[in-house]
Amino acid sequence: MVPLHFQTIAELSGRLERRELSAVELTQALIARTKAVEPRVHAFNSLDETDALAQAVASDARRAAGQSRGPLDGIPVGLKDVIAVTGQPLTASSKILQNFVSPYDATVTRNLKNAGAVLFGRLNCDEFAMGSSNENSAFGPAANPWDTTRVPGGSSGGSAAALAAGEVIASLGSDTGGSIRQPAALCGLVGLKPTYGLVSRYGLVAYASSLDQIGPFGRTTEDVALVLRAIAGHDPLDSTSFKADVPDYRAALAGPAPRRIGIPKEYFGEGLDPEIGAAVEAAVKFYRDRGCEVKEVSLPHTQYCLDAYYVIATAEASSNLARFDGVRYGHRSKAATDAIDLYAKSRAEGFGAEVKRRIILGTYVLSSGYYDAYYLRAQKVRTLIRQDFLKAFAEVDTLLTPTSPVPAFKIGEKADPLAMYLLDIYTIGVNLAGLPAASVPCGFTSGGLPIGLQLIGQPFKEADLLALAHTYEQAQEWSRRTPNL
Amino acid sequence: MSDFEAVIGLEVHVQIKTASKMFTRVATGYGEPPNTLTDPTVLALPGALPVLNKAALDAIIKTGLMLGCEIATVTRWDRKNYFYPDSPKNYQLSQYDQPVCRHGAVEIELPGASLAVMGEHKKIELTRIHLEEDVGKLNHESNDSLIDYNRAGTPLMEIVTEPVIRSADEAFAFLTSLRQSLIYAGISDCDMEKGQMRCDANISIRRVGEMKLGTKVELKNLNSISYVRDGIVTEIKRQINVVTSGGTIVQETRLYDGETGRSASMRSKEMAHDYRYFPDPDLMPVRIDAEWKVRLAAELPERPFAKQTRFIEQLGLPYSAASVLVRDRALADFFEAAVKLGAKPIAAANWITNDLLRDLAAASLALADSKITAAHIAGLVALVEQGAVSSSQAKEIFADMFQTGDQAAAVADRKGLRQSSDTGALEGWCATAIANDAKSADQVRAGNAKAINALKGAVMKLSAGKANPKLVDEILKRQLGV
């Protein structure tokens, strides 16, 4: 039998419901597993065992009283360390927030608590969610459970690694330019970036507000559907939150999946690893064989995605990160002599190199004289990119692409930040357009590293997207493989 | 001075009176213990987000409608990025290129030749009115600077005039009129001592006839309307002195100290910030439709100058009384209530502007806290009209009402302050007076009409002041046969 720590929410919630297992036993098993593998994986920034067990005890008590809150009740779920949990550290993997404890809950945190989930630890990530490898964490990189000399992807690398390593049953990440989908692909998981506005950002440490979106990691589309159901919905505390109905995503998995699939030709060019290309082709063949209509489409502005992204994201980041100044909370320099010096030194000591690089870039593109040339122009490009997608959606229901051009690479292998930025070329357009997209396992390289397939959907059609992914998942065994750790 | 003219533009910050802050539900307030009116959004904790308080937008739209501004159909919020400890996010939510209101004007009234004469009316054009959030407050102690974020996030309107103000008097009249309108509409209490209204003035001078604007100096920290007037007068003098003694005006910001009447350079404008404005991605733009504007327009009160005109033209009040009454909406409402209860407008206005305001001031009472109501005024005016009390009796009744809160008729009855029209008693008093003062009586009979006053005085004495003077006059004349 599959060990507890590699089981799915669907399996475990059934066992909890039948009292074959208690939430306390499950939590204890995961704490033991975490202790065993964490020295090699380093997916956690912190883990409050006492708090996790207390939540499990409460869950068992609810179930005993016949007041179970549904499929997530008692299920350990890990949160990326950019999502606020009352009384728990919130570091964003940065020295500047090293000793910060959040006095309030993010809306997704409250939603998960309401669903009865056991919130399990603070998961490692790239500092302030900036990165594609999880190497930018101030507390050291997380490792890929399939090969611990390799990166798990970023920036939600800890969320992916913890799940792939069997330390949590599901997790949340945040996706600004691919930060859920790319690590999901590199770690052999299902990861979903929801439509912008479907999940509240209240309590998510902001990187780039107009692009950030919280989303779930799961072993299966079913698990992702269950977590999404719990965290989605309108939030009066987030002005950008959309007033949309939240369907029963799990029930939708069995329903009819969209049948018209578009293959954007710009996503299959230079730089794509041939093994990944072949795996994605095989998935295309699967859908074609199942009677789907598959056709090539064009997203002509794809080549500008990266440029527009790094202007918009850094501009917003430079402003969003201005609040980390050592005045109200977080790291304060002991060497400062006046207010300006306090800002300069606290920030110089507190932020890592990649964060500084992006703040400086963002400050530059917003400065007077450059605003029109960079920021305004990038916003216009963004509109064109969104129109590309909407035009394509007039012809097809879903787009199918690779998630990452390469499989997991070695820690330290990519020293050039610009080379690193290129890893997000297939995922960034989705954030610029505000669309939902999922990464689903679609094979392994000859070296045994997971490969991900990206499905891009129309706004708020997560149910269709997951249903389409589910039909594929049912027909293969990629999702059932587990790493040898 | 006469060789020069001043060109002045004002930037006025007004705190909008809302129950909660502009982008979160925490209460607004003044005088609370430091940092008690805060939450994750006010303190800019990691992850906290702003959500617009629609009441703040309502208030600025109303202001715009009141001042004849164009109201934007879509408005949005921008981030003004700068580092300062009183700004928790290190950016301020403000409006850059899409303010809620553009253009419009504030009608002002300049001082007349005397208090009884209405001065010239003029319109001061506005450039824009936009919304922004207030910042916190720094309290500097010997070795430390402490920050109180209670004020941070309070909604502010910034009202910017065109550079069309020509004198300190015009600036004073502008602020007086603006303040009056905003208080009338319930948008702000405009208490300058509490920082609810703050003003910066941009001042330049040029020789009369010149078109080119001179170098402007920004005068900051003008925290009372009189300081604005004094500060501008001082600055114009300073600039004229500099120019006439061969110097040049330096573009700078000066802090004006109302206590000493001096200003000092604060920082040079060359160091002006690059605020890196950009649209806030956390807040959605808001569409302002016609229906919304119509609903808000219906809530607007009559404007002070319109009320003043109506009082003069329809109710026949003199300018002096009308201008005093409209200064305060509560006072004007009080006056109108008395008129509605039947009081003659001029009489009611006199009692209110002379006696009531004098006694309120002497007792340091607000109108709302006094025992006198519109019904008291109406009752008193009626007694005088009916001839039931004399004017001196009425004064006595008013003083009593002010102390006790009893109605005029009740006071008159309690104190026996009613004129006697009992002809029997009057005939007797008149006859006694004539008998006691034959000399005066003879003079009257001889044609000296004024001599009757001595007899009248005697009758009043005999009646202990109760005799109705009109009747006494008639009876005396009849008894004397004139």
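Student: In β6(A), which residue is the bridge partner of Val190(A)?

Tutor: Strands of a sheet pair through backbone hydrogen bonds, either parallel or antiparallel. Here, the partner of Val190(A) is Gly218(A). This is a predicted model, where local features need pLDDT of at least 70, side-chain atom pairs count only at pLDDT 80 or more, and totals for chains, interfaces and linings use all residues. Residues are numbered from 1 along each chain as its sequence is written, chains are lettered from A and ligands numbered from 1 in the order in which they are written, and side-chain values use heavy atoms, leaving out hydrogens and water.

Student: How do β5 and β6 of chain A run, parallel or antiparallel?

Tutor: They run antiparallel, and two bridges join β5 (residues 190-193) to β6 (residues 214-218). Strands are DSSP runs of E, at least two residues, numbered from the N terminus, and two strands pair if DSSP finds at least two bridges between them.

Student: Which strands of chain A stand at the edges of the sheet?

Tutor: The open sheet has 11 strands in the order β1-β3-β2-β4-β6-β5-β10-β11-β9-β7-β8, with mixed pairing. β1 (44-46) and β8 (293-297) each have a single partner strand, so one side of each is left without a neighbour in the sheet.

Student: And how much area is buried between chain B and chain A?

Tutor: The size of an interface is often given as the accessible area lost when the parts come together. Here it is about 2800 Å², with carbon and sulfur atoms giving 58%; the area uses a 1.4 Å probe and is summed over both parts. In chain B, Pro46(B), Phe83(B) and Arg276(B) lose the most area to chain A, together 22% of what that side buries.

Definitions and conventions
Buried area is the accessible area (1.4 Å probe) that two parts lose on being put together, summed over both. Helices (H or I, at least four residues) and strands (E, at least two) are DSSP runs, numbered from the N terminus.
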